[in-house]
Amino acid sequence: MAETGASPLPPTPPACSPLARAEHFVWLTARVLERHLFAHHFRGGDAGPVETALDAYRNEDGGYGHALEPDLRGPVSQPLHTAHALHVLDAVGRCGGQRVERLCRYLTSVSTPDGALPVIRPSRHGHPVAPFVQVVDDPPGELLATGPVVGLLHRNEVWHAWLFRATDFCWRAVESLRASHPYEVQAAVTFLDSVPDRPRAEAAADRLGRLVRERCLAVLDPDDRDAYPVAPGHAPGEHYFPHDYARTTHSLARAWFTDDEMDRSLDFLAAQQEDDGGWPVRRRRWAPAPALEARPRATLDALLTLRAYGRPVG
């Protein structure tokens, strides 16, 4: 008999396909936005409900807030929230029109003098933020925040005055990298995968790939993870794998890894699905809500990556 007052265990998903188990997890834990994204990607759902759910996070300044990026709490607009919003709009083919025009005006208003985006702008309200996100009074522009936004706008052929200086900033940042960390590398890949100058992008990606391998920023043998150092500032066990950089077969980062290395990485990713149907989040857990809200997104990313490589999900 269950102990009086004890929290019931969550229901275990039925033993069936990875996709069905993941759907069970999404319905059990996800926000409305991720539920509609799951339906769009895997159940033929329309893009309209995704846009409607995303609107709940949009502010009058054209930016996004309200913990759209779970590690940044509070209602105020932040560049990382806006990058997440662009990712959602790109995923459903709605990255254009007045919505993106307003978003670009917001980006212009929060850019640093060199035309780039800071990771997080200071808020006088002091809303909670993950302890591993640095908040400073005069934050610099960074590739981490700017690269994904610029890449996604180029991918969708959005042209705005803000893009010119921001693109130049990303080129300078990518081509001057001598050391890096996984988040920054991912941002660089998003930029390089879509920026119009393809020969320049391919050359920069080739150099970046050599850096990733030289600095052991990707675990090439998942059975020997202890041989690979965790990047400074990351949580214990927060390793990154080839599939974390090359999300699709078309990414420039795919050329960084052999077929065997990528196969082992995808095998590891598929095996990471947990008993409740979801995939884990490797970042440091600092509060219950961010940890819970991040897992459905990680689950969607895992399913989309496996599907992009032709792996069966259900």
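In which loop does glutamate 157 lie? In this predicted model, glutamate 157 is placed in the loop between H6 and H7, where helices (H or I, at least four residues) and strands (E, at least two) are DSSP runs, numbered from the N terminus. Residues are numbered from 1 along each chain as its sequence is written, and side-chain values use heavy atoms, with hydrogens and water left out. Because the model is predicted, local features need pLDDT of at least 70 and side-chain atom pairs count only at pLDDT 80 or more, whereas totals for chains, interfaces and linings use all residues.

Glutamate 157 is exposed, its relative accessible area being 64%; here buried means under 20% relative accessible area, exposed over 50%, and partly exposed in between (1.4 Å probe, protein chains only). Although glutamate 157 is not a glycine, its phi is positive, at about 55°. Most residues other than glycine have a negative phi. Histidine 66, likewise not a glycine, has a positive phi of about 60°; histidine 66 is found in the loop between H3 and H4 and is partly exposed, with a relative accessible area of 34%. A further loop residue, glutamine 134, lies between helix H5 (97-110) and helix H6 (143-155) and is exposed, with a relative accessible area of 69%. Glutamine 134 and isoleucine 120 are 14 residues apart in sequence, and their C-alpha atoms are 7.8 Å apart in space.

Helix H6 takes part in contacts with H4 and with H8, described here in turn. The axes of H4 and H6 come within 9 Å and cross at roughly 25°, the axes being lines fitted to C-alpha atoms, for helices over the stretch in contact, with angles that run from 0 to 180 degrees between N-to-C directions. H4 and H6 are therefore roughly parallel to each other, given that angles under 35 degrees count as roughly parallel, over 145 as roughly antiparallel, 65 to 115 as roughly perpendicular and the rest as oblique. H4 passes H6 in a left-handed crossing; a crossing is left-handed if the near helix is turned anticlockwise from the far one by less than a right angle, and right-handed if clockwise. In this contact (heavy atoms within 4.5 Å), Ala83, Leu86, His87 and Asp90 of H4 meet Val149, Leu152, Leu153 and Arg155 of H6. These residues comprise five nonpolar, one polar and two charged, where Ala, Val, Leu, Ile, Met, Phe, Trp, Tyr, Cys and Pro count as nonpolar, Asp, Glu, Lys and Arg as charged, and the others, Gly among them, as polar.

The axes of H6 and H8 come within 7 Å and cross at roughly 25°, which makes H6 roughly parallel to H8. H6 passes H8 in a left-handed crossing, and the residues that meet are Leu143, Leu144, Gly147, Pro148, Val150, Gly151 and Leu152 in H6 and Tyr183, Glu184, Ala187, Ala188, Thr190 and Phe191 in H8. By class, the contact of H6 with H8 has nine nonpolar, three polar and one charged residues.

Helix H8 (residues 182-192) is also approached by helix H7 (residues 161-175), their axes coming within 11 Å and crossing at roughly 125°. H7 and H8 are therefore oblique to each other, and H7 passes H8 in a left-handed crossing. The contact is made by Thr167, Cys170, Trp171 and Val174 of H7 together with Ala188, Phe191 and Leu192 of H8, a set that divides into six nonpolar, one polar and no charged.

In helix H2 (residues 32-42), the buried residues are Leu33, Glu34, Leu37, Phe38, His41 and Phe42. They cover an arc of only 135° around the axis, which puts them on the same side of H2, the arc being that of the directions from the helix axis to the C-beta atoms. The buried residues of H2 pack against helix H1 (18-29), helix H3 (48-55), helix H4 (79-91) and helix H12 (288-308). H2 is followed by glycine 44, whose phi is positive, near 70°.

Leucine 303 is found in helix H12 and counts as buried, at 0% relative accessibility. Leaving aside its neighbours within four places in sequence, leucine 303 is in contact with Leu19, Ala22, Phe38, Phe42, Trp279 and Val313. The C-alpha atoms of leucine 303 and proline 113, which are 190 residues apart along the chain, are separated by 39 Å.
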